Amino acid sequence: MESAPHRPTAEEASAALADAEATRATLADRIATPSWFFVSLGVVIAAQIAAAAAGLGDEPALVVAGLAVFAAVAGVQLARFRRLNGVRLGGFASRVVLGSATAASVSYTVALGAAIWAGSAGRWWLVALWSVAGGAAYTLSGRRWMRRYRGDPAAHARGESLAWLALAAVAALGGVGLLVLGA
Amino acid sequence: MADLDEHVVAPARLKLMTTLTAVSEAEFATVRDALEVSDSVLSKHLGALEEVGYLRRHKGVRRGRRTTWVSLTPRGRRALRTHVAALRALIDGID
């Protein structure tokens, strides 16, 4: 290994590349989510949507509580993921947990908007329905991302940059602030 | 050896760097187990690649124990991309 590097033959190059890619694929296949990961994520997203819909009228503290519970569950689950697998995966944190994947962000926005509308109209059974739908869609999006990651780990491993996440967090907090103030 | 990177040309280093593209960072033992090498062999490769700026190491904690975490640097990613492209050209007979 430490001898002077030599120019590999086509066969050696092909074998080395295949071996390297197989090892990467094996590592990606071994990466698992902690127990109850997707269930807890779906439940906490559903609860957060319901809290936002219920709280915007009279109880803005409910909106903040929903976000705080989500942040706590997300933090705990990311720590468990890191401990379980011995890796940090930026794509997993942003696309699956923070919901920056297209399917998660679109379904979440639709479910949140519909639940808030239903709450303002006093249709609480619809709030429950949209909350559950939002949580389920978020979970399905996460599972889909895991399958795509295992298919092409290098393309999906890295998440958004810290600057992008900070911008999104500021925008989200600003939106919540406006909703709470306008309630 | 145009375009082939002398620091990555060893199959073990190609494997190490390629494997690290699957994660943002990995703990030492996770990389060692994936590559099926000994601690000393992995340490040697990590040291050599860190020296040329292709990866970085930092101390962290996992399961309550202090351990080492490893990640590719942007320079390392670029070097790997260039090296893999050169290998593919070699395989395709383009020289």
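A residue is called buried here if 20 or more other C-beta atoms lie within 10 Å of its own, with C-beta atoms placed from the backbone. The structure is a predicted model, and by this criterion A:G91, A:F92, A:A93, A:S94, A:R95, A:V96 and A:V97 of helix α4(A) are buried. Because 7 of the 8 residues of α4 (residues 90–97) of chain A are buried, this helix is largely enclosed by the rest of the structure. After α4(A) comes A:G99, which has a positive phi near 70°.

Between the chains, helix α1 (residues 10–30) of chain A and helix α1 (residues 11–20) of chain B have axes that come within 8 Å and cross at roughly 35°, and the crossing of α1(A) past α1(B) is right-handed. On the chain A side the contact involves A:A16, A:D19, A:A20, A:E21, A:T23, A:R24 and A:L27, which meet B:P11, B:L14, B:K15, B:T18 and B:T19 in α1(B). The residues of this contact between α1(A) and α1(B) comprise 5 nonpolar, 3 polar and 4 charged. An α-helix has 3.6 residues a turn, so residues three or four places apart point the same way.

In chain B, strand β2 (residues 55–62) and strand β3 (residues 65–72) pair in the antiparallel sense over 8 bridges, and B:R56 has B:S71 in β3(B) as its bridge partner. The hairpin of β2(B) and β3(B) has 2 residues between the strands, and B:R63 in this hairpin takes a positive phi.

| Residue | Location | Phi |
|---|---|---|
| A:G99 | follows α4(A) | positive, near 70° |
| B:R63 | hairpin of β2(B) and β3(B) | positive, near 50° |

Methods. Residues numbered from 1 in each chain as written. Chains lettered and ligands numbered in written order. Predicted model: local features only at pLDDT ≥ 70, side-chain atom pairs only at ≥ 80, totals over all residues. Buried ≥ 20, exposed ≤ 12 C-beta atoms within 10 Å, placed from the backbone. Helix = DSSP H or I, 4+ residues; strand = E, 2+ residues; numbered from the N terminus. Axes fitted to C-alpha atoms, helices over the stretch in contact; angles between N-to-C directions. Left-handed = near helix turned anticlockwise from the far one by under 90°. Contact = placed C-beta atoms within 7 Å. Nonpolar A, V, L, I, M, F, W, Y, C, P; charged D, E, K, R; others polar. Pairing = 2+ DSSP bridges.
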